Amino acid sequence: MILYHGTNNDIEVIDITKSLCHKDFGKGFYLTPDRGTAVRMAQKKARLFEGTPTLITYEMDTDALRSDLRVKVFPKKACVEWLVGSW
C-alpha cells in the first residue's frame with residue numbers, strides 16, 4: 001500500500017515526539033493514500049511554518065495493520081468518527 005506524508009521539511013526518521021498534540025487524533029504520524037491531499041498539506045505547512053513543501057512516499061506492508069501499531073483507517077467517504085475526532 002502506498003501512503004503519503006506532506007510536510008515542510010524532509011524526514012529521515014519518523015519521530016512521534018515531534019508531533020503536535022493538538023492534531024485531529026492527537027500525537028501521531030499522519031499518512032494518506034491520497035497524493036493530492038498530502039501535496040496540499042505540504043504546501044500549507046510550508047506557507048505557515050516556512051521551509052520547502054515536501055512529499056514523502058511510504059510503502060506500507062498491509063500486515064502492519066494487524067500488528068501492535070495503533071493505526072486508524074478511515075473509509076473513502078467522510079464519516080461521523082472523523083468529524084467528531086474520536087477513537
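**Chat about a predicted fold**

Me: Quick one to start: where does Met 1 lie?
Reply: Met 1 lies in the segment before E1. Helices here are DSSP runs of H or I with at least four residues, strands are runs of E with at least two, and both are numbered from the N terminus.

Me: What kind of model is this?
Reply: It's a predicted model, where local features need pLDDT of at least 70 and side-chain atom pairs count only at pLDDT 80 or more, while totals for chains, interfaces and linings use all residues. Residues are numbered from 1 along each chain as its sequence is written, and side-chain values use heavy atoms, with hydrogens and water left out.

Me: What share of the contacts join residues at least 24 apart?
Reply: That's 67%, among contacts between residues at least 6 apart in sequence. Contact means heavy atoms within 4.5 Å.

Me: How many aromatic pairs are there?
Reply: The count is 1 aromatic pair. The ring centres of Phe 29 and Tyr 58 are 5.8 Å apart and the planes are at 90°, so the pair is edge-to-face. Phe 29 is in the loop between strand E1 (2-7) and helix H1 (35-49), while Tyr 58 is in strand E2 (residues 54-59), so to speak a link between distant parts of the chain, 29 residues apart. The rule pairs rings of Phe, Tyr and Trp (its six-membered ring) if their centres lie within 6.5 Å; planes under 30 degrees apart are stacked, over 60 edge-to-face, and the rest tilted.

Me: Is Phe 29 buried, partly exposed or exposed?
Reply: Phe 29 is partly exposed, at 23% relative accessible area.

Me: What does the side chain of His 5 reach?
Reply: The His 5 side chain reaches the backbone oxygen of Tyr 30 at 2.8 Å. A polar contact is a pair of N or O atoms within 3.5 Å; within protein, one must be able to donate a hydrogen and the other to accept it, and residues adjacent in sequence count only if both atoms are side-chain atoms. His 5 is found in strand E1 and is buried, at 9%. Beyond neighbours within four places in sequence, its contacts include Phe 29 and Tyr 58.

Me: Where is Asn 8 found?
Reply: Asn 8 is in the loop between E1 and H1, and it is buried at 13% relative accessible area. A polar atom of its side chain lies 3.0 Å from the backbone oxygen of Glu 50.

Me: And what about phi of Glu 50?
Reply: Phi of Glu 50 is near 70°, a positive value in a residue other than glycine. Most residues other than glycine have a negative phi. Glu 50 sits in the loop between H1 and E2 and is exposed, at 62%.

Me: Last topic: how many salt bridges?
Reply: The count is 1 salt bridge, with Asp 63 and Arg 66 as partners and the closest N and O atoms 2.3 Å apart. The rule wants a side-chain nitrogen of Lys or Arg within 4 Å of a carboxyl oxygen of Asp or Glu. Asp 63 is partly exposed at 44%, whereas Arg 66 counts as exposed at 63%.

Note on methods:
Buried means under 20% relative accessible area, exposed over 50%, partly exposed in between (1.4 Å probe, protein chains only).
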